[in-house]
Amino acid sequence: MPIDMELEAVLRPVQIPMVPYPPKVITLANGKKMVVRQAVREDVPVILKSVHPCLFIERDYYDIVSARLYGELLAWYRHRVKSEYCLIGQVDGYLVGVVNGRLETEKVGVSYHTLAIDRGLRIGSHLFAAKMEYHIEYLGQEEVLIVAESPIGFRRWMIEYPLEKTNIPHELGGVESYRLTRDIYFAAKPRLVVGDRPVPKALLDEAEGEIKFADDNTIRERIAGLKGR
Amino acid sequence: MMREVAIIGVGMIPFGRRDEDSLMDLLAYASMKALDDAGLGDKSVNAVYVGNMGAGIIQHQTSIASSLVDRLSLLPAAADVVENGPASGGSAVKNGLLAVASGYYDTVLVVGGEKMREITGWRATDFVATMTHPEVEYPYGITLPGMAGMFTRLYMEKYGVTREHLLAVTLKNQEMGALNPYAHVEMTLDREGIFDSSHAVVNNPIAADPLHLYDLCPVSDGAAAVILCPLEMAKKKVKTPVLIAGFGQATDTHTLQERDDPTDLKAVTLASKQALEMAKLTPQDIDVAELHDAFTILEIAESEHVGFFKKGEGGKAAVTGKTRLGGQIPINISGGLKARGHPVGATGVAQVVDIVFQLRHELPENRQVKNAKTGLTVNFGGFGNNVVSFVLKRVEP
């Protein structure tokens, strides 16, 4: 697609500089090692291949979460969103989860979505926690605005942390907004935020070398199969 | 003179989250598998007993036995629902057994089923808590996991059970569940991931102290069924009938607080003793057992109350592999409630089905107890206030 860079300069938002998220490794309940690391813009087309089959899964509101995430990642890829980032979880190189968000200002962050592509291992919880860790500990933000679009998300974020309500509207819609403050984050950190750094070289090399992704049927079976948990 | 009763057909559907199926679908699928397994085809049965705890609450549907016989075209078979909390399945099998033993019916279908995943986990926990005392327990917020947590703490203090012991049950049952195509949670767990590493705080959080997430069974949809008939008839119908050699049922106080010793599961002791005495066997004669491990502590406690181990030895037995396949007494080789799942009304029947699989020597080598001839089940209702136990025996061809 031809791009007019003069026009692009007008269309592209000004970015807030962001320090990178340092990768970490988490041991899952089944003993597998999940590498959590920051994706780069060039990773988006591959990530979207894993998000795509989730668009058609109604269970647990995967459809709406995936549709919105797809659009948000595409917007990032096409330079149409301000200061977005994306963290991914990989097991044996395979993509098992995606989270994203962005910076509204240097002090206020916006949480977008959390998508677990494998289930029953608290991958969503781990990745959401990594996202909050990024905002608070690495980007030095004061608060993160959050909404939930699924009952699971509501339970995991609003209740488990617990988050506090705010009257600041979240850009994802008119539903009641919540926020994670630094105090809430550090109070929740001992029970919700884990991971080891640095990631052993072999694991990191495997993760960074290639983002592998399961075929559509496998993804659908993992998320919405009979054994879906 | 009561007739001896045998199982000539079994059926089970994979447990899990079955969004696309109604409760009636689950019951019908398991029933049809059992009818097929018994070679009954479209021949009718005399009576149907349905074990179910929550259709009236969860599905807002009652009289499900009447609905099922019509769905299965088994009219005009007699049909009853048996509700006895999480022991509904065991009680349904017992009612079917008595009906055949009495000589009144010759062929009986017993099916247990529950569909619990159409409500949230919180509501499912609340639904199960309806079995607690309505005046002195439920209003104060007690749940079954809460009771199990307190029971575990007491058991730890009195008998020295440790988290290591509970962990051994978790790992064993998940390992076996991963091999069972009917299991809800077909996933092995890893000691480091849920216990040793600092990451376990998220992977395996406290659910009801000292119990953690993976000490609890999942909330499941599922159904299981058996076909019963007199032993003499069974011998002519199938190659390997399984005799219900003994059964027992006992009750205990509704509330835990009224028991002299809340760690003493008297109803388990009494029900299993009755079943073993009727079968003229001792605990040491049993080759394989399915115990009601809704919480890991219950597998340990029941293994002691049945008499497989002395009090205080059940946890150590789990750690040293005595309850594994190939061990002294293999327990919950199906994965138990912990991994197979716990659709409450189905569980008591599913336990019987799993023992039948063992006694018919039908399982793959990695799940089959070699040369199993006898099996025992414990289906635990309430918090041990209504327990049903069976002893099954292989009938050699």
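Visitor: Which residue in β7(B) is the bridge partner of K115(B)?

Guide: That would be D221(B), which sits in β7(B). Before we go on, keep in mind that this is a predicted model.

Visitor: Thanks! And which strand does K115(B) lie in?

Guide: K115(B) belongs to strand β4 of chain B. The strands β4(B) and β7(B) pair over eight bridges, in the antiparallel sense.

Visitor: Does K115(B) count as buried or exposed, and why?

Guide: K115(B) counts as buried, because 29 C-beta neighbours lie inside 10 Å. The cut-off for buried is 20 or more.

Visitor: What does K115(B) touch, leaving out residues up to four places away in sequence?

Guide: The list is L23(B), L26(B), I58(B), Q59(B) and D221(B).

Visitor: How far is K115(B) from A350(B)?

Guide: In space they are 14 Å apart, C-alpha to C-alpha, while in sequence 235 residues separate them.

Visitor: Back to β7(B). How many of its residues are buried?

Guide: Nine of its 10 residues are buried, and the strand is mostly covered. Besides pairing with β4(B), β7(B) is joined to β1(B) by seven bridges, and that pair runs antiparallel too.

Visitor: What is the bridge partner of I7(B) in β7(B)?

Guide: It is L228(B). I7(B) also stands opposite V242(B), which is in β8(B). Strand β1 (residues 5-12) and strand β8 (residues 242-251) of chain B pair over two bridges, in the antiparallel sense.

Visitor: What order do the strands of that open sheet come in?

Guide: The order in chain B is β3-β2-β4-β7-β1-β8-β11-β10-β9, nine strands with mixed pairing. At the edges stand β3 (78-82) and β9 (288-290) of chain B; each has a single partner strand, so one side of each is left without a neighbour in the sheet. On average, neighbouring strands are turned by 25° against each other, direction ignored.

Visitor: Which strands does helix α11 of chain B lie across?

Guide: Helix α11 (residues 266-279) lies across β8, β10 (374-381) and β11 (386-394) of chain B, and runs at about 150° to β8(B). Another helix, α15 (residues 344-359) of chain B, packs on the sheet as well. Its contacts are with β1, β2 (47-51), β4 (108-115), β7 (221-230), β8, β9, β10 and β11 of chain B, and its direction makes about 125° with that of β4(B).

Visitor: Which of the residues in α11(B) are buried?

Guide: The buried ones are A267(B), V268(B), T269(B), A271(B), S272(B), A275(B), L276(B) and A279(B). As background, an α-helix has 3.6 residues a turn, so residues three or four places apart point the same way. The cover over the buried residues of α11(B) includes β8, α12 (296-305), β10 and β11 of chain B.

Visitor: And what follows α11(B)?

Guide: K280(B) does, with a positive phi near 60°.

Visitor: Zooming out, how many helices and strands does chain B have?

Guide: Chain B has 15 helices and 11 strands. Its radius of gyration is 19 Å, close to the 21 Å that the globule rule gives for 397 residues, so chain B is as compact as a globular protein of that length. Buried residues make up 61% of the chain. Of its contacts with a separation of 6 or more, 77% are between residues 24 or more positions apart.

Visitor: What about chain A, how many helices and strands there?

Guide: Chain A comes to eight helices and eight strands. Its radius of gyration is 17 Å, close to the 17 Å from the globule rule for 229 residues, so chain A is also as compact as a globular protein of its length. Buried residues account for 41% of chain A.

Note on methods. Residues numbered from 1 in each chain as written. Chains lettered and ligands numbered in written order. Predicted model: local features only at pLDDT ≥ 70, side-chain atom pairs only at ≥ 80, totals over all residues. Helix = DSSP H or I, 4+ residues; strand = E, 2+ residues; numbered from the N terminus. Rg over C-alpha atoms; globule rule 2.2 N^0.38 Å. Buried ≥ 20, exposed ≤ 12 C-beta atoms within 10 Å, placed from the backbone. Pairing = 2+ DSSP bridges. Axes fitted to C-alpha atoms, helices over the stretch in contact; angles between N-to-C directions. Contact = placed C-beta atoms within 7 Å.
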